[in-house]
Amino acid sequence: MSEAKSIIPPTATIKLDSDALAANWRNLDRLSGKAKAGAAIKANAYGLGVRAVVQKLITAGCTDFFVANWQEAREIEDLTVGKTSVSVLNGVRAVDMPFALQSPAKPVLNSMEQLDRWKPSGKACDIMINSGMNRLGMNVEDLSGDLFTGMQIDIAMSHLACADEDVPQNEDQLARFKAALDIVPGKRTSLANSAGIALGSEYHFDLTRPGLSLYGGIQRPALANMIKQVAIPQAEIIQIRSLRAGDRVGYNAQYIANRPHDIGILAMGYADGYLRGFSNIGLFIHEGDRLPVVGRVSMDLIAIDLTVAPGLKEGDWVDCQFDLGIASLQSGLSQYELITGLGNRLAREWT
């Protein structure tokens, strides 16, 4: 009998806050008014680990989940079957049909081809209406009531393109969606994503579909006081280095010390989703002390200035400043890119 593989402790992790995730969903559900909040859990729950996220959201009271494809639906099938509704946003291709027909998840039908493919099954589905984003969805002008005769349509939905901005397109999409609902006979209706929830009750319909804000993202001011940070990357210091004035740090010498000071080398880098946009801009935190990133972020390593925390040593851990709004401003990356880009080498540790 071979020995069990020993556990190798990680050098970087993501600390994940279960209470913050549940509180974010409850607050978004409350802000949704008479509508019920579901949850977008595509892309491995925005990179945080879909199975753990689903379990925690079911406990919080969530009953409607949205994934991108059938692989994602299969990954959570044992957790959701008989308990919740799962919608597959990318619809159903011909090659998906064998699995989709026996899956408890529903396709969100996005085209006439998908509708023709699914309709003979007689099984439940959702319908995506293109109200102006021109991504997936059926055009309003192509719809007619006879298209849906005999179909079990659960959710008639659309998707807002600019809900994080105050622009006329929001009202235009709302009007087009309402017009389509006179034709599409869904049991339930859904339009708002996280930012859309904050646009007001007109956008709520029966079901809202928050995603980013569940995981700590804030796109509109109305969300600022109710959304908590869920994910905090942490990294171990694997070397302390003492610089002299004039010493250069990292690729292309993007940092030159103007005085003697210590730096810590962290076992994390852009392969873990902490991208080059944080070079000479990002921050790490230790017991309230702010430790700036110095030099260029490389694939596996980051250097931080230890001037204000001289007691730190090899083997100590520091927290990454990864509030999504702040990190977006620092790096020039969207909050979506930041949260979904956290790498698989980072161990997910729920508290």
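Biologist: Where does tryptophan 70 lie?

Modeller: In this predicted model, tryptophan 70 belongs to helix H4, which covers residues 70–75.

Biologist: Is tryptophan 70 buried or exposed, and how should I read the value?

Modeller: The cut-off for buried is under 20% relative accessible area. Tryptophan 70 has a relative accessible area of 4%, so it is buried.

Biologist: Which residues is tryptophan 70 in contact with?

Modeller: Neighbours within four places in sequence are left aside in such a list. For tryptophan 70 the list then holds Val88, Gly91, Val92, Asp96, Phe99, Ala100, Ser103, Ala105, Lys106 and Pro107.

Biologist: Lysine 106 is one of the contacts of tryptophan 70. What does the side chain of lysine 106 make a polar contact with?

Modeller: The partner is the side chain of serine 85, at 3.0 Å. Serine 85 is part of strand E5, residues 85–88. Its relative accessibility is 14%, so serine 85 counts as buried. Beyond four places in sequence, serine 85 is in contact with Thr63, Asp64, Phe65, Lys106, Asp154 and Arg188.

Biologist: What is lysine 187 in contact with, leaving aside neighbours within four places?

Modeller: Ile153, Asp154 and Asp206. Asp154 is also among the contacts of serine 85. As for phenylalanine 148, its C-alpha lies 13 Å from that of lysine 187, and the two are 39 residues apart in sequence.

Biologist: Now a buried loop residue. Where is asparagine 110, and why does it count as buried?

Modeller: Asparagine 110 is in the loop between strand E6 (106–109) and helix H7 (112–118). It counts as buried because its relative accessibility is 4%.

Biologist: Which backbone oxygens lie by the side chain of asparagine 110?

Modeller: One is the backbone oxygen of leucine 89, 3.1 Å from a polar atom of that side chain. Another is the backbone oxygen of valine 108, which the side chain of asparagine 110 reaches at 3.0 Å. Not counting residues up to four places away in sequence, asparagine 110 touches Leu89, Asn90, Gly91, Met128, Leu136, Gly137 and Met138.

Biologist: Met128 lies in E7. How do I read the two faces of a strand?

Modeller: In a regular strand the side chains alternate between the two faces of the sheet. In E7, Cys125, Ile127 and Ile129 are on one side, with Asp126, Met128 and Asn130 on the other, and all are buried. Strand E7 (residues 125–130) is largely enclosed by the rest of the structure, because six of its six residues are buried.

Biologist: In which sense do E6 and E7 pair, parallel or antiparallel?

Modeller: Parallel, over two bridges. Within this pair, leucine 109 stands opposite isoleucine 127 in E7.

Biologist: Which strands run antiparallel to E19?

Modeller: Strand E12 (residues 231–243) is one of them, joined to E19 (residues 317–320) by three bridges. Glutamine 234 stands opposite aspartate 319 in E19. Strand E16 (residues 283–286) also runs antiparallel to E19, with two bridges. There, phenylalanine 284 stands opposite cysteine 320.

Biologist: How many helices and strands are in the chain?

Modeller: Eleven helices and 20 strands. The C-alpha atoms fill a box of roughly 75 × 65 × 35 Å along the principal axes.

Biologist: What can be said of burial and contacts over the chain?

Modeller: Of its 351 residues, 51% count as buried. Among contacts with a separation of 6 or more, 64% come from residues 24 or more positions apart.

Biologist: And what of the surface and the charges?

Modeller: The chain exposes about 16200 Å², with 50% of that supplied by carbon and sulfur atoms. There are 34 positive and 39 negative charges, and their mean positions are 2 Å apart.

Conventions: Residues numbered from 1 in each chain as written. Predicted model: local features only at pLDDT ≥ 70, side-chain atom pairs only at ≥ 80, totals over all residues. Heavy atoms only, no water. Helix = DSSP H or I, 4+ residues; strand = E, 2+ residues; numbered from the N terminus. Buried < 20%, exposed > 50% of the residue type's maximum accessible area, 1.4 Å probe, protein only. Polar contact = N/O pair within 3.5 Å; in protein donor to acceptor, adjacent residues only side chain to side chain. Contact = heavy atoms within 4.5 Å. Areas by Shrake-Rupley, 256 points an atom, 1.4 Å probe, with all protein chains shown as cover. Lys, Arg positive; Asp, Glu negative; His and termini not counted. Charge placed at Lys NZ, Arg CZ, Asp CG, Glu CD. Pairing = 2+ DSSP bridges.
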